[in-house]
Amino acid sequence: MTVSNPYTLTMELTHRCPLRCLYCSNPLELVRADNELLVEEWLSIIDQAAKLSVVQANLTGGEPLAYAGLPRIIERLKKHDIYSNLITSGIGLTEMVVSELISCGLESIQISIQSASSQTAQLIAGRDAQQQKLAALKLVANSKLPLALNVVLHRHNLHEVAEIIDLAHSLGVKRLELANTQYYGFAAANMEHLLPTQQQMSDALVVYETKKNQLQGKMHLSWIIGDYIESSPKPCMGGWASQHMVISVNGTAYPCLAASAIKTLSFPSTKENTLEWIWKESPAFNAFRGFDWMVEPCRTCEFREKDLGGCRCQAFLLAGDAAQADPVCKLSPHHDLVKEKIAAAESNAVISKEQLIYRM
């Protein structure tokens, strides 16, 4: 099959982070600072990405502001006319830092908060950082950079959707992404404490739709569907290795942020292979392209071109086989595994803080 060039490059610059979020999608075994790619290695990756006609780059982590080579990386992206987007907690973002990054060519910033409530935010992030985050949001809102706000939703903050939207509007945010938790990494480890009930999700969606109508033309709101609660799976990143390439902290290349969870695939390293070979030739990136890999019920399903069989990482984590239909799908032979998770969430009303697994 013909393989088109990647559209987006996500660069995980570091796993270092001042927060300890319960829903962090980084793997449980975090890469140490002494195993991070050197800035010269990142610059080479950017040069190769430009030859592959990559259009945009997401700079993420951990906390990308903790990576000393960030300004040089942004400069190199600008040199190749690759759109740069910084995904940050906002901690460490000062007026001087914002000014420097703008001068280097940074083109947009996405900041995350955990909640509209300081108390809830502290529970989720593992430390009190709400005021620092709000200050960073105000700082970027007053700059010339496009600003997006991201909030990961789960059972601890779904009841605050109205307050979260109102807070974003009051801060002058023009784009708000409400992203229901994806259960990988630390989020998977905390699933029984994060997975909401069906009623929580339904109530929050009503609030979201109401607010979206009220703020039409004033703020763009988007809602990323919740895993497990929905009866239809989300498409796999627009198709496995069809649009997106992720380079991890140590140079390992993945088709998505969660693909390291698939232990039956050997993912290539940028230290040993070119980006072009990785994207076009590597067995891991070709493993689930197209439809030939599919088993039933996906192979003959009328929805296969819409949902692409769902998430490969989720299939591996729940069914033990990345080629299986995503168990979130009601047609999957493994759908009972998801129903069991939902039933457990419905009955798990009381959660002790001592049960929570914080990112270290």
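1. The structure has six aromatic pairs, where rings of Phe, Tyr and Trp (its six-membered ring) pair if their centres lie within 6.5 Å, and planes under 30 degrees apart count as stacked, over 60 as edge-to-face and the rest as tilted. In one of them, the ring centres of tyrosine 183 and tyrosine 228 are 5.3 Å apart and the planes meet at 85°, so the pair is edge-to-face. This pair joins distant parts of the chain, 45 residues apart: tyrosine 183 belongs to the loop between β6 and α7 (185-189), and tyrosine 228 to the loop between β7 (220-224) and β8 (244-247). Helices (H or I, at least four residues) and strands (E, at least two) are DSSP runs, numbered from the N terminus.

2. The model is predicted: local features need pLDDT of at least 70, and side-chain atom pairs count only at pLDDT 80 or more, while totals for chains, interfaces and linings use all residues. Residues are numbered from 1 along each chain as its sequence is written, and side-chain values use heavy atoms, with hydrogens and water left out.

3. Are tyrosine 183 and tyrosine 228 buried or exposed? Both are buried, that is, under 20% relative accessible area, with exposed meaning over 50% and partly exposed in between (1.4 Å probe, protein chains only). Elsewhere, Trp240, Phe288 and Trp293 are linked into a cluster by ring pairs.

4. Two arginines lie over rings. Arginine 289 is over the face of tryptophan 279, 4.9 Å from the ring centre. The charged end of arginine 304 sits over the ring of phenylalanine 291, at 4.4 Å from its centre. The rule asks for NZ of Lys or CZ of Arg within 6 Å of the ring centre and within 35 degrees of the ring normal.

5. Alanine 179 is part of strand β6. Alanine 179 has a relative accessible area of 10% and is therefore buried. Leaving out residues up to four places away in sequence, alanine 179 touches Asn150, Val151, Val152, Leu153 and Ile224; contact means heavy atoms within 4.5 Å. Asparagine 150 is 29 residues from alanine 179 along the chain, yet their C-alpha atoms are separated by 7.1 Å.

6. Threonine 60 is a residue of strand β2. With a relative accessible area of 12%, threonine 60 is buried. What does threonine 60 touch, not counting residues up to four places away in sequence? The contacts are Thr10, Met11, Glu12, Leu13, Thr14 and Ile87.

7. Helix α13 (residues 312-319) is mostly covered, with six of its eight residues buried. Those buried residues are Arg312, Cys313, Gln314, Ala315, Phe316 and Leu318. Their cover includes α14 (335-347).

8. The largest pocket holds about 1700 Å³ of space. Its lining has 49 residues, of which Ile87, Gln110, Asn150, Glu177 and Leu257 are the closest to its centre. Elements giving two or more residues to this lining are β1 (8-12), β2 (56-60), β3 (83-88), β4 (108-113), β5 (147-153) and β6 (175-180). By class, the lining has 22 nonpolar, 21 polar and six charged residues. Here Ala, Val, Leu, Ile, Met, Phe, Trp, Tyr, Cys and Pro count as nonpolar, Asp, Glu, Lys and Arg as charged, and the others, Gly among them, as polar.

9. The second largest pocket has a volume of about 420 Å³. Its lining has 22 residues, and the closest to its centre are Pro27, Leu28, Ser260, Ala261 and Lys263. The lining of the second largest pocket divides into 12 nonpolar, seven polar and three charged residues.

10. How many cavities of 30 Å³ or more does a search of the whole structure find? The search finds two. On a 1 Å grid over the protein atoms alone, a cavity is a set of points where a 1.4 Å probe fits but cannot get out, and a pocket is an open set with protein on both sides within 12 Å along at least five of seven lines; lining residues have an atom within 4 Å of a point. Grid points are joined across faces, edges and corners, and a volume is the space filled by probe spheres set on the points.

11. The largest cavity has a volume of about 80 Å³. Its lining includes Pro233, Pro297, Cys298, Cys301 and Phe303, and by class has eight nonpolar, one polar and two charged residues. The second largest cavity contains about 40 Å³ of space. Leu153, His154, Asn180 and Tyr183 are among the residues that line the second largest cavity, and this lining has four nonpolar, four polar and one charged.
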